[in-house]
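Thanks, everyone. Let me put the model on the screen, and then I'll walk you through it.

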Amino acid sequence: MSKRLYLFLLAGCLLLAGAPAVAQSQADIRINEVLVSNTDDYEDDYGHKHGWIELFNTSRGTVDIGGCYISNDRNDLKKYRIPKGDVLTKIKPRQHIVLWADNKPLRGTFHVNFTLEETSALYFTSSNGRDVVDSLHIPIGEGPFSVMDYIANDKGNQVTVKGSIPHYPVENVSYGRLMDGEDAGGANGWAFLVKTTPSSNNVILDSEAAAQRFKQFDPYGVIMAITAMSVVFVALILLYIVFKNIGRASINSGRKKAEKAGVAPDAVAVAQDAPGEVYAAIAIALHLYIQQEEAHDIENTILTINKVTRTYSPWSSKIYGLREIPHKQ
Amino acid sequence: MENQGFISFLWDNLQQFFGYTAFANFTFGHSVMILIGLLFLFLAITKDWEPMLLVPIGFGIIIGNIPFLEGLSIGVYEEGSVMNILYQGVRLGFYPPLIFLGIGAMTDFSALISNPKLMLIGAAAQFGIFGAYGLALLFGFPANEAGAIGIIGGADGPTAIFLSGRLAPDLLGAIAVSAYSYMALVPVIQPPIMRLFTSKKERLIRMKPPRVVSQREKIFFPIVGFLLTALLVPSGIPLLGMLFFGNLLKECGVTRRLAETARGPLIDIVTILIGLTVGASTQADKFLQWNSIKIFMLGALSFMIATTAGVLFVKFFNLFLKPGNKINPLIGNAGVSAVPDSARVSNNVGLEYDKNNYLLMHAMGPNVAGVIGSAVAAGILLGFLS
């Protein structure tokens, strides 16, 4: 195999190694939103209001957080173990789950054994109790901060500043990501949200569907045709270039092997360029030579292809035979 | 009195039974669709037009258009019915990749590997997809539906089903039937276009016989081909992955049993299920609409555009090739895929002008490149419009 071929393979491997890998596991869980002071917000199943922590599954597969840990103490990552075996701990793709920070773990799976008033940091740890999957610094006592809201207009929903707070926490103002599970945007993507959204998207950026946008900008499909045809051509040109080189390498390799074996290079080229009919004729001749030795009408070194003729008789025809001819023992 | 009561009881039951029969619920639309199903069966059985596809689809159309009272879990759109369970393969799009697995396991890419420049013809013929996409937009279809309609021009039934299931599930029946119908009509649609755009001299061009391809090259092809195309268009992975995987099973030489299953029993089973359920999904109330007629018109146009683009591209390409290396433009039509019918059309039209000029093996190159090209195009449409 030529060096060029090895280089192509190496380039392919490097491309693969550089591609980001995404696994659907507990590592895909993110702390998404927290509400420290809850006086007029979301209620738990017991009708009580407490601070809450929202977790978000960023992956495209269901993730079970049973057995994982949530803590507000860096030195005690295993402070609250989310019980295993509860069907509700399975978070569906791109969905949320809310944990109640009420220090009443006996109330159920989703009630943790600490409150957020005493919390400046949160740690979500995987079920091995060692790997911190996500952590959050809650700016308790810090400020002033801008408070965000989103408004709807003809371009869809947009995030806007709506006043400020002197320090955090402020009643019923949550601290959450602007885009679910993402760190993009100002302040690492976190903001103080006047509209809390437990178990829902933090900010719903209502935008037109991709197809509608495409039709709006490309009403006759010209841009689509140019772009898509370019991609199709690029894909097949890449294949063309690669296989042209692989073909050359293969031919050269064949020649070298033939030279080593003492066959003239021209003979190899002729053999490589021989039409399919030649191979078919050789194959049939070899078949006849091996299977039917009586085909050699002159001598062993000459291959002869004779036309096969069989006299037709309705008695030997398969189409008239309804059953197998009995065998005489 | 008792007798009268029994008779009225019997009459009521008979009336109720009649209400359940198809006769009571029969409409003009159902009869039209059943006639279409019978026409498909006629064309498949007597004319031998794509019988493997048209027999299951034709019978499926008849099954899907026997009217019934809703709520009995019978229809293809009623959750929990047998037909609905079988239809999930179409709706969720897992039949088409399985068919691609079989296609990969039965396709010999040697012609393409030996003369890789033929790949570009497969790319050029995909213009039919985007030409039909533009026309569908002009006809007032939303972009996602236009994309699903455009893929008919890819002349690849599984790809059309896969894409329309994702982009426009409501049009799936019309698109699938249209795609398969025009694939069956390739010998009718393509030759006039091929003759129109070629001169007699061009039709007589003899191409160099393909060189012998080593097994190593054949093994490299599915691996490298998948990496290059899927890295560029990841949304095409379900189709491209299965196509190239099937081909690797065939060519690697150590998985003969798997390859035989993929190209034999597996593809047969999936073809039966996909044909029957696609046919059954053409219920009159959903199928007999103005949109379906428009889709059929656009489907025909997309095949014509694709064939024209393929033939003209070869003529253009020939301008840059040395005299001994020229390509016969009659193989340009094969770029639309429709494997292997369009390659057969190239061969037959070529033989009309030169009885010893067999173009079949040369046409198989753009033909299988068309399969790759249409899968890539489907991935692009899915990426842009979903």
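I'll take chain A, then the interface, then some helices and charged pairs of chain B.

First, the ground rules. This is a predicted model, so local features need pLDDT of at least 70 and side-chain atom pairs count only at pLDDT 80 or more, while totals for chains, interfaces and linings use all residues. Residues are numbered from 1 along each chain as its sequence is written, chains are lettered from A and ligands numbered from 1 in the order in which they are written, and side-chain values use heavy atoms, with hydrogens and water left out.

Chain A, then. It has 5 helices and 13 strands. Those are DSSP runs, numbered from the N terminus: H or I over at least four residues for helices, E over at least two for strands. Chain A has 329 residues, and 38% of them count as buried. Buried means under 20% relative accessible area, exposed means over 50%, and partly exposed is in between, with a 1.4 Å probe and protein chains only. Now the contacts in chain A with a separation of 6 or more: 59% of them join residues 24 or more positions apart. A contact here means heavy atoms within 4.5 Å.

On to the interface. The size of an interface is often given as the accessible area lost when the parts come together. Between chain A and chain B, about 3700 Å² is buried, and carbon and sulfur atoms give 83% of that. The figure is the accessible area, 1.4 Å probe, that the two parts lose on being put together, summed over both. On the chain A side, α1 (3–18), α2 (210–217), α3 (222–260) and α4 (265–273) each supply at least two residues. The largest share is from α3(A), with 22 residues. By type, the chain A side divides into 32 nonpolar, 5 polar and 4 charged residues. Nonpolar covers Ala, Val, Leu, Ile, Met, Phe, Trp, Tyr, Cys and Pro; charged covers Asp, Glu, Lys and Arg; the others, Gly among them, are polar. Counting both sides, the contact takes 41 residues from chain A and 48 from chain B.

What about polar pairs across it? The rule finds 3 residue pairs in polar contact, both at pLDDT 80 or more. A polar contact is a pair of N or O atoms within 3.5 Å; within protein, one must be able to donate a hydrogen and the other to accept it, and residues adjacent in sequence count only if both atoms are side-chain atoms. How many salt bridges cross the interface of chain A and chain B? The rule finds 0. A salt bridge needs a side-chain nitrogen of Lys or Arg within 4 Å of a carboxyl oxygen of Asp or Glu. Over all chains, the search finds 9.

Now chain B. Look at helix α20, residues 341–353. Its 13 residues should span 18 Å at 1.5 Å a residue, and its end C-alpha atoms are 19 Å apart, which agrees. The expected span is 1.5 Å times one less than the number of residues. The buried residues of α20(B) include B:V345, B:V349 and B:G350. They pack against α12 (172–184), α13 (186–196) and α21 (360–385) of chain B.

Next, α13(B). Its buried residues include B:V186, B:I189 and B:M194. Their cover includes α12, α19 (290–318) and α20 of chain B.

B:R195 and B:E352 meet at 2.9 Å, N to O. B:R195 sits in α13, B:E352 in α20, and the two are 157 residues apart. B:R195 is partly exposed, at 31% relative accessibility.

B:K250 pairs with B:E251 at 3.0 Å. B:K250 is partly exposed at 27%, whereas B:E251 is buried at 8%. Then B:E260 pairs with B:R256 at 3.2 Å. They lie 4 residues apart in helix α17 (residues 256–280) of chain B, so about one helical turn separates them. B:E260 is partly exposed at 35%, and B:R256 is exposed at 62%.

Last stop: B:R211. It lies in the loop between α14 (200–203) and α15 (215–232) of chain B.
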